[in-house]
Amino acid sequence: MIRRNFLKAGVAAVGAVALGRKAADAAEGKFPVSHTEAEWKKLLSPDQYAVLRQEATERPFSSPLNANKKAGVYNCAGCDTAVYSSETKFESGTGWPSFWAPISSEAVGTTTDYKLIYPRTEVHCATCGGHLGHVFDDGPKPTGKRHCINGVALKFNPGAAQAS
Ligand SMILES: [Zn+2]
């Protein structure tokens, strides 16, 4: 019984932390592109909405962008801002498009995500706040970072690998 109560308390605390971040983001109004949830629902497909606005994770190997090796720029599917480049994309074997760096340090922002038992680094578009994925410390050189990104949160623009 004690153990069960402890687990319940743990889940409640995790929920509170997650809500705290959302509330803080909204209160600060810190994103240049912002819409109401109703507007986002109209602008995005159901899958895009679930990932970008509700921090869902797409099924591994479900995105055609996972195996995409073409040169080009990956834009945020929420606001069409460039967030990643083919120049930093690598095959991680995880089933999600993976990059060792964003296209620029200003393109994305990170927060700590307590959805699982252990904290993770959540990464989102710095322009609209849309959730993109998570960052892990097991990536390749030169950064050692692995940006594990939901393909549904990205729009690929083939061509030059840097934003114009
Ligand atoms: Zn965006």
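Predicted model: local features only at pLDDT ≥ 70, side-chain atom pairs only at ≥ 80, totals over all residues.
**Overall fold**

The protein has three helices and nine strands. Along the sequence the pattern is α-α-α-β-β-β-β-β-β-β-β-β. The chain counts 164 residues, and 35% of them are buried. Among contacts with a separation of 6 or more, 59% join residues 24 or more positions apart.

**The sheet**

Three strands form an open sheet in the order β2-β1-β9, with antiparallel pairing. β2 and β9 (154–158) are the edge strands, and each pairs on one side only. Neighbouring strands are turned against each other by 30° on average, direction ignored.

β1 and β2 pair over three bridges, in the antiparallel sense. Here Asn 75 stands opposite Ala 82 of β2. β1 also pairs with β9, again antiparallel, over five bridges. In that pairing, Val 73 has Asn 157 of β9 as its bridge partner. The hairpin of β1 and β2 has five residues between its strands.

**The core**

In soluble globular proteins, nonpolar side chains tend to be buried together. The largest nonpolar core of this model holds 30 residues. Those that touch the most other members are Cys 76, Val 83, Val 108, Cys 125, Leu 132, Ile 149 and Ala 153. At least two core residues come from each of α3 (46–52), β1 (72–76), β2 (82–85), β6 (120–125), β7 (131–136) and β8 (146–149).

Leaving out residues up to four places away in sequence, Val 108 touches Val 83, Pro 102, Val 123, His 124, Cys 125, Ala 126 and Leu 132.

Most residues other than glycine have a negative phi, and most peptide bonds are trans.

| Residue | Phi | Loop | Other C-beta atoms within 10 Å |
|---|---|---|---|
| Phe 61 | about 65° | between α3 and β1 | 11 |

Why does Phe 61 count as exposed? Phe 61 has 11 other C-beta atoms within 10 Å, and a residue is exposed if that number is 12 or fewer.

Which two residues does a cis peptide bond join? They are Lys 141 and Pro 142, with omega about 10°. Pro 142 sits in the loop between β7 and β8.

Note on methods
Residues numbered from 1 in each chain as written. Core = buried A, V, L, I, M, F, W, Y, C linked by C-beta atoms within 7 Å. Buried ≥ 20, exposed ≤ 12 C-beta atoms within 10 Å, placed from the backbone. Helix = DSSP H or I, 4+ residues; strand = E, 2+ residues; numbered from the N terminus. Contact = placed C-beta atoms within 7 Å. Pairing = 2+ DSSP bridges. Axes fitted to C-alpha atoms, helices over the stretch in contact; angles between N-to-C directions.
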